[in-house]
Amino acid sequence: MGQNLLRSARTPYLRVVPQRETAEVQNLPPAHKSRDQKVVLEELESLIGLEKVKDLIYEIYAFAEVQKKREKAGLSAEKVVLHMIFKGNPGTGKTTIARILGRLLYNAGILEKGHVVEVERADLVGEYIGHTAQRTREQIKKAQGGILFIDEAYSLSRGGEKDFGKECIDCIVKAMEDHAKETVFILAGYPAEMEEFLRTNPGLRSRFPIHLEFPDYTVGELTQIAELMLRKREYRLSEDAKSLLEDIIREKKAREIVPSNARMVRNLIEKAIRRQAVRLIRDGAFTKQDLMTITARELLEASIYLV
Ligand SMILES: Nc1ncnc2c1ncn2[C@@H]1O[C@H](COP(=O)(O)OP(=O)(O)O)[C@@H](O)[C@H]1O
Ligand SMILES: [Mg+2]
């Protein structure tokens, strides 16, 4: 199916929301929920690129809402198993999407809390026998009613047979069955490593019905992300800075060994913001315009100083 068709499957919802809200208010639902759902969907839409990821998240959201309505209507409802694998390089939006998903599922009434507990190997794997199961169970408990997001999950099976990572995986697999209804498990990491991880743990793949791939952003997308980050922080680029931004990002991206995507952009923007602050203090220039404007010089400084 064409990208545009899929996109149009999502966007009409945003336009019909106000009517839907009025209808629901008459039925006295928790009004804040539907309004908040609209905010979350808009937040999803506002992310740059990620079209396929957005489509899938929207599909999950629609599925969850419909299952709930079917249940209400006395129809059989599919068991909602939403455990997921996220494959992508750093800075491709995995954590951001997990947080949005948590809120969507909370608003849809699927998750009781919708919070995200983000952990990695060091939070789960202990140093002696029994320690790992205890640690892992603790984190699972914290995530109950929300999402347990395990970053760089492939590292759990890196240590070989004797490693406690295996114990952790077993513990997670068991919890995924036992708590499938109240907690969503997301395993995330670099694409190649996650593929290898699933290949060497053959029992795992079928337990994760949903796989999302987060591609590296293009230079154009990274530039748009930079502009969005500046807008959100209420900064703007001077005219000469505007024409430099894309070139700086292109050059930075070309120099990276492992792409760090939006993280690189965020670091660049935050460094430029600090360089601007130094200039303002030095010059004692504090009009509203001054406080907002980042110049080409500051972008260049940020790109040079950024390691
Ligand atoms: N598509 C996007 N549009 C706007 N901002 C983004 C996008 N993807 C990532 N970001 C921003 O980039 C930063 C890193 O994203 P994050 O979700 O932490 O990536 P990951 O978890 O894959 O490393 C965050 O500040 C996030 O808000
Ligand atoms: Mg992350």
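Start by selecting the shell around ligand 1 and colouring it by residue class: you'll get seven nonpolar, seven polar and three charged residues. Keep in mind as you click around that this is a predicted model. The shell comes to 17 residues, and the closest ones to pick out are Gly-93, Lys-94, Thr-95, Thr-96 and Ala-262.

Now show the helices. Which of them each supply at least two residues of this shell? Select α4 (94–107), α10 (219–232) and α12 (261–283) and you have them. Then colour by domain: domain 1 (3–214) and domain 2 (219–305) each give at least three residues to the shell around ligand 1.

Zoom out for a moment to see the whole chain. Of its 307 residues, 31% count as buried. Take the contacts in the chain with a separation of 6 or more, and 76% of them are between residues 24 or more positions apart.

Next stop: strand β3, residues 147–150.

Strand β2 (residues 116–119) runs parallel to β3, joined to it by four bridges. Strand β4 (residues 184–189) also pairs with β3 in the parallel sense, again over four bridges.

Where does Leu-148 sit in all this? Val-117 stands opposite Leu-148 on one pairing, and Phe-185 in β4 stands opposite Leu-148 on another. Click Leu-148 and list its contacts, leaving aside neighbours within four places in sequence: Val-117, Val-119, Gln-139, Ile-140, Ala-143, Thr-183 and Phe-185.

Leu-148 also takes you to the last stop, the largest nonpolar core, which has 51 residues. Select the ones with the most contacts inside this core: Ile-57, Leu-101, Leu-105, Ile-147, Leu-148, Ile-150 and Ile-186. Which helix gives the largest share of this core? Go back to α4, which contributes seven residues.

How values were computed:
Residues numbered from 1 in each chain as written. Chains lettered and ligands numbered in written order. Predicted model: local features only at pLDDT ≥ 70, side-chain atom pairs only at ≥ 80, totals over all residues. Near = placed C-beta within 6 Å. Nonpolar A, V, L, I, M, F, W, Y, C, P; charged D, E, K, R; others polar. Domains from an automatic or database assignment. Buried ≥ 20, exposed ≤ 12 C-beta atoms within 10 Å, placed from the backbone. Pairing = 2+ DSSP bridges. Contact = placed C-beta atoms within 7 Å. Core = buried A, V, L, I, M, F, W, Y, C linked by C-beta atoms within 7 Å.
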